[in-house]
Amino acid sequence: MRTFKRILLVAGCLLLVAQIPFAVNLYRTARLASEIEEMNRSRSSVPDLGFKDYKGVIHVHSFVGGHSTGTFDELIRAANENGLDFVVMTEHVANEFDSSAKTLNEKHGRAIWIGGNETTTSGGEKFLVIEGFDELNKLRFVSTDELLSEIGGREKLAFVTYPESFKSWDSDFDGIEVFSLHTNAKGMNPFLFLMDAVWSFRTYPELTMARHFRRPSENLARFDKVAESRKVSLFGGNDAHSNIGFHLFGDDANNKLFEIKYDRYGTIFRLMRTHILIPEHEELSREAILAALRSGRSFLGLDILGDSSGFVFYSEAGNGAPVASAGSDVARGSVLQVVSPLPARIVILKDGTKIFESEAVRSAEFEAKETGTYRVEAYLDSLGAPFDEMPWVITNPIYVRNPSALNTGVPKPTNQN
Ligand SMILES: [Zn+2]
C-alpha cells in the first residue's frame with residue numbers, strides 16, 4: 001500500500017512538473033498580447049497611392065455545404081465583430097441544389113458576401129470556385145483540365161486549395177492557397193497544442209493557435225515556381241468550419257453545455273485576413289473584389305499579430321502615371337517600394353530567392369535591375385519565436401519585364417536601364 005501511495009505521489013509530482021512549460025507558455029502568450037497591443041498603438045499612416053485597402057476572408061463553410069454546423073447568424077456576427085469588408089464563402093458542392101446560390105450572398109452588415117464552392121476532381125485535386133455555379137454538381141470528379149475549362153469559360157476564378165496534394169501544376173488555374181489555417185492546425189503537435197489550449201486558449205484563443213504556426217515554405221516554393229513563368233495569385237485560406245471542439249452535455253438541437261470550440265468564426269476571422277487594394281475612385285463591389293483577387297492586387301496578413309491594413313508593395317512610375325501595385329507588370333530598372341504601418345523586417349524575394357532584407361523598418365526600396373517575379377514577406381521579429389520565421393505579411397508579386405515585353409497602358413518607370 002505504501003509503495004502504491006509513493007507511486008501515486010511520484011506520478012502526481014511528474015504531472016505537475018510536466019505542466020510547467022505550458023504555464024510558462026501562458027505567461028509568454030500574455031506578454032505577447034501586451035506587446036502586440038503596444039505595437040498596434042505605434043501604427044503610422046501610410047501614403048496615399050490611389051488605392052484603398054479592404055480586408056476580408058476567403059474559404060469559409062457553413063451548414064449549407066455540410067461538414068459544418070455554422071449558421072448565417074454566427075457568420076454575419078463574426079464578420080461584423082471583425083470589421084470585415086468581404087467574405088468569400090466556399091460551400092461544398094451539393095447533389096440536388098446550387099449551394100453557392102443558397103449561401104450568404106450580397107451585403108449583410110458591413111461585408112459583401114460572395115457565394116463560391118469547393119470541389120474535387122477525378123484525381124482528387126481540390127479547387128475553390130469563385131463565384132460558384134449551378135452546373136458544378138455535374139462537374140464533380142471530372143478531370144482537372146475539364147473542370148478548369150468549364151470554370152474559365154464562365155470567367156470564374158479557380159483557386160487551388162490543399163496545394164500539398166495538387167499535381168497539375170501546368171494547368172490553367174488562377175490562384176494558390178499558400179497558407180491554410182485548417183492545414184496548419186492539422187500540422188500542429190496535438191498533445192502540445194491541447195496542453196497549451198487547456199492553459200491559454202480561453203483567454204488568448206487566437207494567439208494560442210498562432211504560436212503554433214509555421215511558414216508554409218513548401219507551398220510558397222510551389223507558388224514561386226508557377227509565378228516564375230506566368231501570372232498567378234497567392235492567398236490565405238481561413239477554411240473556417242466552426243466544427244472542431246467538444247462539449248460535455250448536449251442534444252441534436254444544438255443546445256450544448258460546457259462547450260469548447262477551437263475554430264469559432266470570430267477566432268478564425270481575427271487570425272488572418274486577405275487584404276485587397278481597390279482604386280480610390282472605385283466603390284467596393286462584388287466585381288471589384290473579384291477583379292482584385294484575379295489580378296493579385298492583394299496580400300495576406302496575420303492580423304492577430306498587428307493590423308496589416310495599409311501595407312503596400314508598389315512601384316511608382318512618376319509622370320502622373322498610376323502607381324503599379326502587386327499583380328502589375330513593370331519595366332526592368334523600376335524601383336520596387338514597400339511601406340508598412342508597423343516596423344517589420346522586410347524581405348524581397350526574386351523568383352523565390354531572397355535578394356533584399358531590411359530590419360525593423362517601415363519602408364524599403366529596391367531597384368529591380370533584372371527581370372523576374374518579385375514578392376515581399378514581412379516579419380515581426382520583435383515578437384520573438386516563431387514570428388521571426390513565420391511571416392506577418394505575404395504579398396502577391398510584381399512582375400519585372402523587359403520594357404519591350406510590356407503591354408501598352410502599363411506605367412513606364414522613369415528610371416529604366
Ligand atoms: Zn474547405
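**Exercise 1. Find the element that holds Ala-158, and decide whether this residue is buried or exposed.**

Step 1: Ala-158 lies in strand β6, where strands are DSSP runs of E with at least two residues, numbered from the N terminus. The model is a predicted one, in which local features need pLDDT of at least 70, side-chain atom pairs count only at pLDDT 80 or more, and totals for chains, interfaces and linings use all residues. Residues are numbered from 1 along each chain as its sequence is written, and side-chain values use heavy atoms, with hydrogens and water left out.

Step 2: The relative accessible area of Ala-158 is 1%, so the residue is buried (buried means under 20%, exposed over 50%, partly exposed in between, with a 1.4 Å probe and protein chains only).

Step 3: Leu-147 is eleven residues away from Ala-158 in sequence, and the two C-alpha atoms are 9.1 Å apart in space.

**Exercise 2. Work out which strands pair with β5, and how they run.**

Step 1: On one side of the search, β4 and β5 run antiparallel and are joined by four bridges, while pairing requires that DSSP finds at least two bridges between two strands. Within this pair, Thr-120 has Lys-126 of β5 as its bridge partner.

Step 2: β4 and β5 form a hairpin with five residues between them, and in the turn Gly-124 has a positive phi of about 80°.

Step 3: Strand β6 (residues 157–161) is also antiparallel to β5, with five bridges joining the two, and Leu-128 stands opposite Phe-159 in β6.

Step 4: Because four of the five residues of β5 (residues 126–130) are buried, this strand is largely enclosed by the rest of the structure.
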